[in-house]
Each structure stands twice: as structure tokens, then as C-alpha cells.
Amino acid sequence: MFRRLLPIFIAFGMFGTACGSSNQLQIDGSAAEINPDACVAGTNREVTIYSGRTENLIEPVLEAFACATGISVQVRWGSSTQLALLIDEEGDRSPADIFLSRSPGPVGFLESKGLLGTINSDILNLVSNENRSTEGRWVGFSGRKRVLVYNIDLVSEAELPTSVFDLTEKKWRSKVAIPATNGSFVDWFTVFRDQYGTDIATKWLDDMVDNEARYYPNNRSIVEATGRGEIEMGLVNHYYNYQEVAVAGDDHRAKNHNLGDNDIGSLLIITAATVLDSSKNPDEANELLAYLLTAPVQSYFTNRTIPARGGHSTKCRVAITHRS
Amino acid sequence: MTQKRAPRELRAVGLVCSLAFAFPGLYLIWRNFTSGADPFGLLFASETLQPFWRTVRLAILVSISAASLGTSLAWLTTRTDLPLRRLWRVVLPIPLVFPTFIGAAAFIRTLNPGGLANDLLTSVGVDRTPELRGLFGAWLVLTLFCYPYVYLPVAARLRQLPGSLEQSARILGDTVAQTFRRIVLRQISSSLTAGTLLVFLYTISDFGAVQLMRYDTLTRAIESNYLARPPMAFALSLILLVFAGAVVAAERSVSRRLPEVKVHRAQQTASYALGHWRTPAMLLVGGTFAFSIVAPSVALIDWAADGLLRNQRGGRPLTIDSSKVFEAATNTLSSSILTGFVALIAVVPIAFLAGRYRDRIGHFSHSVVIATFAVPGILIALSLRFWTLRSGFFGDLLYDTLALLIFAYVVRFAALAMGTALVAVKTVPEHLHDAAATLGADRWRRFRTVDLPLMRPGLLAASGLVVLSTMKELPISLIIAPIGFPTLTTRIFGSFEDAFVAEAGIMALVLVCASGFLSWVLVLRRADHL
């Protein structure tokens, strides 16, 4: 029986390897929109990325970059936390040149371990002060805004609050979902504590708990539950609702609500790019970071998330913070 | 029975295998020492004890229900005149392949308030469905996704048992229930405890389902501490592993007292007419199918269909195309089938040592292999990276290769094949072996002509369990796979994380179909008959 199955193993094995290599000097779709020009000839320069941001979003950008520069790009896609742990484990022998993080937490972790290198200052200067580290360890290249998602059948637009502080009122008892252990919520709370002080921030959280705020594991499940009407509203990142609407259209019964522009509830959480201290290709890495901040790439991100090079209305400070 | 000493080469192989499987455990101990963790201090802290007891409670409940459900399904599909038996045998193993992070999410999507089932119920006048969460939700989802760990080995065992004892019992006046309790249950007990142990260990190491059901177990405490307080995460993981080791040891001391049943092939097994029990039996099997396979699939189909329709109508295009799905699917199939094959090569020597020779190295290796099943995948991945970085030339050679990925998968999942392989070894009648030896067959020839033909269907079922589980594996696939080797699960995860639900739905359906195909091949090969 094994003998009869053996050709199948081998056939699958060959498929696997045959699909592994591809010539990337031709691009189409979103990648071609970012870089409409003909591709330059390939060089033997290369750069390796560990990306916690999803392939669905980033891959067209990297294809466009490879096409425009001739630098070949290798990517390990994964979860930001796990990739940060991997980089920590690999130390100065990590093959990665660049780490792209979904949320600030893993970047803070790597910075505290001294694993991040310094980004060229001309790249840092492309973004405003709040979107880069003062030591030049990271630079924001896109962002995710915190919003209040609500079910349009259960809550009317007129009665919606304008601040997260309103959510502790009796009116919203057991109607608000929070993703308490989720990475971006924790990051948001850290900035909240930073700006208002630990006492006010902690009191707000206690009040939310007293007000029977319901706990959900992540943003996606809140948006999904709000759409179904399982819960009235929840604190989430802005783009999850776009995705649900993109899929279900009018059947999805939830909308994003922007809390006040100056409210902490409208914080912009940036996704950061870093160059590792151990990088063997720092020039190529910096070149790629610069490319992420070019106009075509930033406008591509605008349609899907929020770009970091200005053009957004939130005034809140964005900070990458160390977690103790 | 004469006690034979194990051949020296076999003991050496067993020792090497157990060392390979001990990598993650050794890594954890090392990390506890170097990161200044304090597992003993944590042991009695309330922040450890509370999630720990929740973990234990959940694991016990899931073990009981998955064991009963798996055994009932196995008995019904192998021993009765249940309609559509063949179809059920193909579909019942499928829940194994749902990665819990999307399986549980799809389940919630279908069954929770306002979900797809609610729409259906509203149209027939029922208004509100209960909300699945907490202990109840985690218990239900894990039971529905874990019963195949019991179902597959027990069904394989039932198929193989001779019917003579049961017939005698019936002739002497026992009812079907009495026969089951006094004869069948004792005969399947070793398969049943081995399968239930896997359910228990899987439950204590699961993160996806408890996370989505908002039930705070030890794995959630570990997960939330990886970056914030790494020593705490390492200490908690060690506590989890030591606990798993204790459970494995307890199971061994129980299973040692269980009766062994030797069998020949080609004996007529007993079969019962269900009579007026046919309807309740169909409800149980059909209900399991509906909840564990149809319910999550409906949500996946909903996501996928919306995405495909949107693509047709010219909305935002999908971010995947058929070549990407095909690439991921072939990678998933090739790596998981290879893993199933290699896992067998790793566990068979250990099964021989432990089962036939009752060798101490064999028992030790057996426990190490099985306890490793409770180590979270991410720690296995990190530990392998740790060891390859510290083994010089050899590590460089292995880094970023398919071989290392397969090795990691085997370390993660060989436990699934271990129990069934052990039962398979024990069922080979001693006297056949002695007869072959008398006729002058050497050890290798006896293995090929006596052991292998008798064990082959059982081993194939064991590797089927490994293959289906490998197909859904996530952390190892993300961290250890060669760069540029996407699998279905990694692409599903990436899409799902950033709410590209249509893409995730499409690829998850491909995963379910691929596993259905593999399960069909196994049934076709009569692997579930042992």
C-alpha cells in the first residue's frame, strides 16, 4: 500500500518545489498600479522581511518594490508577537533585515532587547515627529484608527457618544464590547495611561467593568458580533468594519463611529517598520523603508488603512511604548 | 509468555527518538533557568492556580464527552446496520482539520445570536438562540472538534475485534448493553484511554477555542505574557508540560492493567440490528455531523460566496487567485503526507520497544512522545530554532529546509500515531512470531512478513490522524517553514487576522475538501478497519 502511495508523495513533493521559485520581473494587479513602469533588470541584491502585517495587504507593495529596484525580497509572514519572539531567539544571527509589526507592542519588546538598528535620518524625516521614534529605531508606515463600531438597528446615530468617557454612563450598561487582551487595545490603553495618568485610565477601565462592558478576544470578533446584533457597540480598529462591509454589503448591520477628534478614543495606532541591528543588508532595508513611504504606496494604503505621511485628521499622539 | 530482551539496535533507535522529542522540554527547562523564571513560586500563586483549575475542569469535561461521543459513533458506524455507514466513516474524521482559530469563529458565526442559524430559526418562529461562550462554549466546540481523536482509534479497534466472545455472551442471555459493558468496553479499553488522553492533552494546550469563547485557561495566561513577561510565560509553559507528564504517567499506570486482546485477521465481527433505535442513532450521528462539520462550513461558505460574488460584480477584488490557493494546497498536502509517513517511522520502533519487549527505554520514549503533545506549537517552533542555531554546521544545513519543517511537525504530532501504533504492535499474536522464528525467518523478515501485514491498516489509520492534524498546524508552519513555503493554514491565518474573511473562507473550504478527500482514501484503503 505504501508502495502504491509513494508516487503520490513524490508528485506532491515536486509540486511543492516547482511552485517555490518564481520569476518576479512581471507584475500585475495592485502591484502594477503602485509601479506602472517597466521593471528594472534583477540584481543580486536582496532583503529579508519578517512581516506581521498580512500578505494580502503588503505583497503587492513588495512586488512593486522588487520590480522598481531589482532587489529580490524574501518574506516570512506571521503573527507579530511570534515573529518578535523568533527574532529574540535568533539574536544577531537572524536572517531578517526588516521587521514589520501590526502593533507597537512587539516593536517595544525588540527595542527593549536592543535588537533594533537605526533607520537613516532622511527616511525618518519623511514622517511627522509623532510617527517615528526619537532614537530612530522605528518609523510608522501605515495606521489604524480606533473607532466605536455600532449596530445601526440597535443604536441611532444621534445618541452616539463623542468620547470614550461617555461609555461609562448607565445608558450604555452591558452594551459595549472591549477587546481587553488584544494587542492594539493594550497599546491604546498604554497611550491612554501615558496621556491621562495611570489613575484616570485605570478608573475608566474599572468603571467600564462596573458598567458591565463585555469582553471579546479581538477586534474582528467584536465587529462580527456587532453586525449580528449580539452586542450594541464596541471599541475597535477602523478597518475591520470596511472588510465586513466589503464582503456582506448592506447585510452587515454595523457602522464605524468616530469619537471626537481630540478624544483618546480616536487614537491612531501606527504600524511600524524597523531595521534590525543584525541586518546584513542595511542599505537595501533602508531603501525598502523609503519605498513604503513613497506617494503611490501611501495612497495604496489609504484605500485600505490609513497612511502615516499626514493627510489624516486625528491629532492624537502616537507612541510606541515599552511594556514593563 | 516468555519475556524477550529488546535488540540493542532497536533500543539505540528508541533512545535517539526520545532525545529528538525531548528538544522542546529541554529548551523550556533551559529558558526557565536563563530567564530567571520562578516556576515553583508561581505554582501556588492565585494568578496561576485559577486558570490552572479552569484548564483542568475544561479538560476533564471535554475528555468525558469526547470519549463517549467518539465511542458511540465508532460503535454505530462499525457494528450496526446504521444507514449510510460508509458516508459517515468518510466525513466523521473531518473536524480534525479545522484550525480552531477559524473553526471556532465560524461556529460562533453560524450559531450565536443573530447568526446564520438564527436567521433560519427566525423564519420558523424561534427568536433567540443562546450565546455560546465561557466554559460551556469552549466545552462544546472542543468536544465537537476533538471526538475524532477517540473515534478513529476506537473504530479501528472495533473493526478488528473477533465477534465470538460477544456472540457467546448474547447466547448466554446478556443484553446488547450488558455485552457492550462486559465484553466490548474491556476489549477497546486500551484504544479508548489512549484516544481520551490525546483529547485531554489537546484541550490543555488549545488556545484558539478558549480565546474565542472567552474562557481564561493557562494557555491564555501564557499567550498574554510572551512579550510582556517572558519568564512568566516560560514558567507557566513548564508547569503545563509537567502536568501533562503527570497525566501521561497516570494513564500508563491505568492502561498497564487493561486486558490485551490478540487477534487474527479475517474474523467475522459481530453486527447488531438497530431496530427501533435506528432513529435516535441517526439523530446522534447526523447531529454530530451537523454541528461539527456543517455548522462551521456554512459560515465558511457564506464568507467565501460573498467574496466570489463581490469579485464577479466588480467590487473590491479578491487578494488571492487560484494559483495562490493551488500553491498553498500542494504545500499543505505534500508536507502533511510526508509528516504522516515520517511520524510512523519514528513511532514504530518505540511501539515495538514498549509493546513487545516492555523495554524501559521504550516506556520512557513513549511517555516523552505523548507528553510533548501538550507543548504549545510556538514553543516547539522556537525550541527548534534554538537548537538549530546552536548546532553549527548541521543546524545551518537544516535551517530553512522542508526537512526541518517535517521534523517539527513530527515532534508536534507523533503522539497521535503513538497510541494506535502501540495497540497495533500488541495485537500481533505472539505465536505467529514464534512459528516464523522456528521456520528460520530472521528478525527483519519476520517484521516484513508477519508484523507489517497485520499492523499495516492500523498504522495507516495512525498516520491518517497525523496527516489531518498537520494540515491545520499554524505556529510551526509560520516560524519553521522555509521562506516562500505558504500553506493553506498560514494563508488562512494571515487573511483572517486582518479580516480578509472571504479569502480565509475560500481557503478554509479548500482545506476541508482536501481533508475529506484524504479521509475518503483512508476509508477506501480500509485503514479504519485496522
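Guide: The model is predicted, and the helix in question, helix H5 of chain A, runs over 104-112. Eight of the nine residues of H5(A) are buried, so the rest of the structure largely encloses this helix. A residue counts as buried when 20 or more other C-beta atoms lie within 10 Å of its own. The buried residues of H5(A) are Pro104(A), Gly105(A), Pro106(A), Val107(A), Gly108(A), Phe109(A), Leu110(A) and Glu111(A).

Helix H5 also belongs to the elements that give two or more residues to the side of chain A that touches chain B. Others among them are helix H1 (2-20), helix H3 (55-69), strand S2 (72-77) and helix H4 (80-90) of chain A. Across the whole contact, 46 residues of chain A meet 53 residues of chain B. The chain A side consists of 20 nonpolar, 15 polar and 11 charged residues.

A positive phi also turns up in residues other than glycine. Ser174(A) has a phi near 55° and sits in the loop between strand S4 (138-151) and strand S5 (176-178) of chain A. Ser174(A) counts as exposed because it has 11 C-beta neighbours inside 10 Å. In chain B, Arg358(B) has a positive phi near 50°. Its place is the loop between helix H15 (322-356) and helix H16 (360-371) of chain B. With 14 other C-beta atoms within 10 Å, Arg358(B) is partly exposed.

Terms used. Residues are numbered from 1 along each chain as its sequence is written. Chains are lettered from A and ligands numbered from 1 in the order in which they are written. This is a predicted model: local features need pLDDT of at least 70, side-chain atom pairs count only at pLDDT 80 or more; totals for chains, interfaces and linings use all residues. Two residues are in contact if their C-beta atoms, placed from the backbone, lie within 7 Å. Helices (H or I, at least four residues) and strands (E, at least two) are DSSP runs, numbered from the N terminus. Ala, Val, Leu, Ile, Met, Phe, Trp, Tyr, Cys and Pro count as nonpolar, Asp, Glu, Lys and Arg as charged, and the others, Gly among them, as polar. A residue is buried if 20 or more other C-beta atoms lie within 10 Å of its own, exposed if 12 or fewer, and partly exposed in between; C-beta atoms are placed from the backbone.
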